[in-house]
Amino acid sequence: MSYKSKEQTTMRYKSKESKPKKDIYTEQIYPESYQNRLLYTYDTCNSKPFSISRSSSPIHFHLNFEASPAMAMSMAMKRSASTATRAISSAFSGSILTRDLHASSGKKKIVGVFYKAHEYAKMNPNFVGCVENALGIRNWLESQGHEYIVTDDKEGPDCELEKHIPDAHVIITTPFHPGYITAERIKKAKNLQLLLTAGIGSDHVDLKAAVDARLTVAEVTGSNVVSVAEDELMRILILVRNFLPGYHQVISGDWNVAGIAYRAYDLEGKTVGTVGCGRIGKLLLQRLKPFGCNLLYHDRLKMEPELENQIGASFEEDLDKMLPKCDIVVINTPLTEKTKGMFDKERIAKMKKGVLIVNNARGAIMDTQAVADGCSSGHIGGYSGDVWYPQPAPKDHPWRYMPNQAMTPHISGTTIDAQLRYAAGVKDMLENYFKGEDFPAQNYIVKEGELASQYR
């Protein structure tokens, strides 16, 4: 990929009337939103990096970054723009009484909790999801008189986050370095109105407490679903092909083909089941289709027949009947009270011996020790994911040391492309918040005391 330092690239989603007909897969997974069109402009000549701005209709985000010969990113950015605000239809149905969340005007205190990038913060001008670059919105917020506090210090009674909770109006955090917003913290937060997730997945918030306090909780729906689905496919292939032992042989100076090949397989012909089939699950199944797998899915909602036929997946109403059929199980369900710890020793025992498991959903969906024991006994042939509980994972977490694992820190949804999308989405919602306007309906997790259906 070549880096064009003086090129300005635009991408536009046109209205339905003027664009060619989309296939049923695109129509059902990505209904049009944001006034039916989106235009992203990457201005590589602008002298102010990390500036994200939005114009009036059609929504127009400017993601401005300094040209750097070392960065070969522009083509990737152009491609990623096309997925920026594809959205799922609203999780809320019916009408709700509107509460004026933004009744008070004037200066607001916004607190952001992100991971630190240290020396890496300067290596890529689009690395906006870290403490140092603060979603690229600091200048915009401070120019309007708002206070913007950003930290990675989020644990314990004396942490930086705790100090700012009592007078914060808005807290922004991410699934990758979650600031846990507990019921106790919500009680302390007398000014708190809005909790934003830079990404998707808001289980780091005590949602019942947020409902009771009539807080608004929202996330950037769709911002990193492609990123996570691609990562899941990569992990499936890493496990199926027994990749990691070969990698470790190379870096240790060894060469033992048999030590890899004895448990390396083709993906073709294997049965893959996804537990949960929302946005990410559907994208994963679509990507698996060319591999010639037998595709199964379990979800509270069945796909429309046309979409199901196009993807080539079969619905399994009974999870415990689906699991024994699967060579590979992928977890794609949100973490709720119902799904917490749902994969315990008994449920894992129902799976095939040697099953491969990929979990990029949430670590707490799994019984930590049951997974470690399953990997040690060989009942689980391989386990890979990027989600842990808690996060960051302590040094003595058993998943760090269990055999046949391909674990990483929580990275799947924070690619550079995803960061640009969720940074733009956060800025858009903050702008609406300051104006007293609603967010896109699909972004709400808690609104007016009502919880989105996927978390009920």
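**Strand pairing and surroundings**

A: In this predicted model, Val329 has Ile357 of strand 14 as its bridge partner.

Q: How many bridges join strand 13 to strand 14, and do they run parallel or antiparallel?
A: Strand 13, residues 328-331, is joined to strand 14 by 4 bridges, and the two run parallel.

Q: Which strand pairs with strand 14 over 5 bridges?
A: That is strand 15, residues 380-385, and the pairing is in the parallel sense. Within it, Val358 stands opposite Ser384 of strand 15, and Asn359 has Gly385 of strand 15 as its bridge partner.

Q: Is strand 14 enclosed or open, and why?
A: Strand 14 is largely enclosed by the rest of the structure, because 5 of the 5 residues in 355-359 are buried. Both of its faces are covered, with Val355, Ile357 and Asn359 buried on one side and Leu356 and Val358 buried on the other.

Q: And how many residues of strand 15 are buried?
A: Strand 15 is mostly covered as well, with 6 of its 6 residues buried.

Q: What is the strand order in the open sheet of 7 strands?
A: The order is 6-5-7-8-9-17-18, and the pairing is mixed. Strand 6 and strand 18 (450-451) are the edge strands, each pairing on one side only.

Q: Now the packing. Which residues touch the most other members of the largest nonpolar core?
A: Those are Leu135, Tyr148, Ile172, Leu196, Val426 and Leu430, in a core of 35 residues. At least two residues each come from helix 3 (138-143), strand 6 (147-151), strand 7 (170-173), strand 8 (194-197) and helix 15 (416-435). Helix 15 gives the most to this core, with 9 residues.

Q: What is Ile172 in contact with, leaving aside its neighbours within four places in sequence?
A: Ile172 is in contact with Ile110, Val111, Gly112, Val113, Phe114, Leu135, Leu196, Ala198, Val426 and Leu430.

Q: Which residues does the second, separate core include?
A: That core has 30 residues, including Val329, Cys375, Trp399 and Met402. Val329 is the residue whose bridge partner in strand 14 is Ile357.

Q: Back to Leu135. Where does it lie, and what is its phi?
A: Leu135 lies in the loop between strand 5 and helix 3. Its phi is positive, about 65°, although it is not a glycine. Most residues other than glycine have a negative phi. Leu135 counts as buried because its relative accessibility is 0%.

Q: Which other residue has a positive phi, near 60°?
A: Asn404, also a residue other than glycine, has a phi near 60°. It is placed in the loop between strand 15 and strand 16. With a relative accessibility of 35%, Asn404 counts as partly exposed.

Q: Which peptide bonds are cis, with omega near -5°?
A: The bond from Tyr389 to Pro390 is cis, with omega near -5°. The bond from Gln391 to Pro392 is cis too, with omega near -5°. Pro390 is in the loop between strand 15 and strand 16 (405-407), and Pro392 is found in the loop between strand 15 and strand 16.

Q: What about pockets: how much space lies in the second largest pocket?
A: The second largest pocket holds about 700 Å³ of space. It is lined by 27 residues, and Asp203, Val205, Asp206, Leu335 and Glu337 lie nearest its centre.

Q: What is the lining of that second largest pocket, by class?
A: It has 13 nonpolar, 6 polar and 8 charged residues. Helix 6, residues 207-212, gives the most to the lining, with 3 residues.

Conventions. Residues are numbered from 1 along each chain as its sequence is written. This is a predicted model: local features need pLDDT of at least 70, side-chain atom pairs count only at pLDDT 80 or more; totals for chains, interfaces and linings use all residues. Side-chain values use heavy atoms; hydrogens and water are left out. A nonpolar core is a set of buried Ala, Val, Leu, Ile, Met, Phe, Trp, Tyr and Cys residues joined through side-chain atoms within 4.5 Å. Buried means under 20% relative accessible area, exposed over 50%, partly exposed in between (1.4 Å probe, protein chains only). Contact means heavy atoms within 4.5 Å. On a 1 Å grid over the protein atoms alone, a cavity is a set of points where a 1.4 Å probe fits but cannot get out, and a pocket is an open set with protein on both sides within 12 Å along at least five of seven lines; lining residues have an atom within 4 Å of a point. Grid points are joined across faces, edges and corners, and a volume is the space filled by probe spheres set on the points. Ala, Val, Leu, Ile, Met, Phe, Trp, Tyr, Cys and Pro count as nonpolar, Asp, Glu, Lys and Arg as charged, and the others, Gly among them, as polar. Two strands pair if DSSP finds at least two bridges between them.
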